[in-house]
Amino acid sequence: MNFKDELKSRVNNVEILLNEYMPKEEGYQKTIFEAMNYSLSAGGKRLRPILTLEACKLVGGNEKDAIPFAAAIEMIHTYSLIHDDLPALDNDDLRRGRKTNHKVYGEAMAILAGDGLLNYAYEIMLKESIRKDDSNKYLKAINEIAKASGIYGMIGGQVVDIESEGKSISMDKLDFIHMNKTAAIIIGCMRAGAIIGGASEIQLENITKYAKNIGLSFQIVDDILDVVGDEAKLGKKVGSDIDNEKSTYPSLIGLDKSKEIAKNLIEEAKLSISNIDKDSEFLNSLADYIVDREY
């Protein structure tokens, strides 16, 4: 398998399904559709929907059953980015190589665009669930995503992140931020995909370990790239962590140790899914891709 070609193909498939789910830009409220589409169509790695589909397939499920959830999870992720970029939070001007939502549509519409994507994501998932005979497992999948993106997940991590700006914090607190702000949604989307695919408890446990490790490693690498990354390649401003006086892995333990920990987490991730019968080559390659993003 040529991983880069395979990843590109899967990203393209996600772009197609997102386009199919988004509402047409028409009607009195068309501005909100335009603002939602602006950020959702800005590209990106599309890792979360890809991971949702792959988790379903890895446990022997039909990935088509997870497609609405893959679309929804990317909408939830995009809403979080829109809000994260706002002046009240990170105050960023660039996202994925283009102006952030509030720079184009204004703060009020950007807030509503994020709200719209979040609410619409649940409309999509619930609509899919209530039309299924085995709706219970789909409701369980929604619950996983709701927890992962809520106050005991992504939002909770964001709260602690904001309150920690300008302060020296412990590694334990930093890990809490990373595990909730970033890793939780990765764990949630993979658990949701696996549940839809009919995972056993052991399979679900192993997939959870994989997601937890790549999620934390992903954020550590983001911390590293914010110090040494190429702004043109990343499509966003570097050095924002320093500007916002945030504690990060590099600031607490240095770049070399941060890289070492990120790589160790990836090895643990690959080990956790090594006993699943289905082909895990893509997920192993994806794990390597996460830690080997250009410094």
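**Reading burial, pairing and packing**

A: This is a predicted model. Begin with glutamate 128, which counts as buried because its relative accessibility is 10%, and buried means under 20%.

Q: Which residue does the side chain of glutamate 128 meet in a salt bridge?

A: Its partner is arginine 131, with a distance of 3.0 Å from N to O. Arginine 131 counts as exposed because its relative accessibility is 58%, and the cut-off for exposed is over 50%.

Q: Which parts of the chain does the pair of arginine 191 and glutamate 144 tie together?

A: Arginine 191 belongs to helix H9 and glutamate 144 to helix H7 (residues 135–149), so this pair links parts that are 47 residues apart in sequence. The closest N and O atoms of this salt bridge are 2.9 Å apart, and both arginine 191 and glutamate 144 are buried.

Q: How many residues apart are glutamate 267 and lysine 270 in helix H14?

A: They are 3 residues apart, and so about one helical turn separates them. Their side chains form a salt bridge at 3.3 Å, N to O. Glutamate 267 is partly exposed, at a relative accessible area of 45%, whereas lysine 270, at 18% relative accessibility, counts as buried.

Q: Which residues is isoleucine 214 in contact with, leaving aside its neighbours within four places in sequence?

A: Isoleucine 214 contacts Leu51, Ile186, Ile266, Ala269, Ala287 and Ile290.

Q: Is serine 217 buried or exposed?

A: Serine 217 is buried, with a relative accessible area of 0%. This serine is found in helix H10 (residues 201–228). Not counting residues up to four places away in sequence, serine 217 touches Ala262, Leu265, Ile266, Ile290 and Val291. The side chain of serine 217 also reaches the backbone oxygen of alanine 262, at 3.1 Å.

Q: Where does serine 274 lie?

A: Serine 274 is in the loop between helix H14 (255–272) and helix H15 (281–291). Serine 274 is partly exposed, with a relative accessible area of 42%. A polar atom of its side chain lies 2.7 Å from the backbone oxygen of leucine 271.

Q: Finally, which residues form a nonpolar patch on the surface?

A: The patch is made of Ile151, Tyr152, Ile155 and Val159, which together have about 450 Å² of accessible area. Valine 159 lies in helix H8 (residues 154–164). Residues in a patch must have over 30% relative accessible area, and valine 159 is partly exposed, at 40%.

Notes. Residues numbered from 1 in each chain as written. Predicted model: local features only at pLDDT ≥ 70, side-chain atom pairs only at ≥ 80, totals over all residues. Heavy atoms only, no water. Patch = residues over 30% accessible without salt bridge, like charges linked within 9 Å, V, L, I, M, F, W, Y side chains within 5 Å. Areas by Shrake-Rupley, 256 points an atom, 1.4 Å probe, with all protein chains shown as cover. Salt bridge = Lys/Arg side-chain N within 4 Å of Asp/Glu carboxyl O. Helix = DSSP H or I, 4+ residues; strand = E, 2+ residues; numbered from the N terminus. Buried < 20%, exposed > 50% of the residue type's maximum accessible area, 1.4 Å probe, protein only. Contact = heavy atoms within 4.5 Å. Polar contact = N/O pair within 3.5 Å; in protein donor to acceptor, adjacent residues only side chain to side chain.
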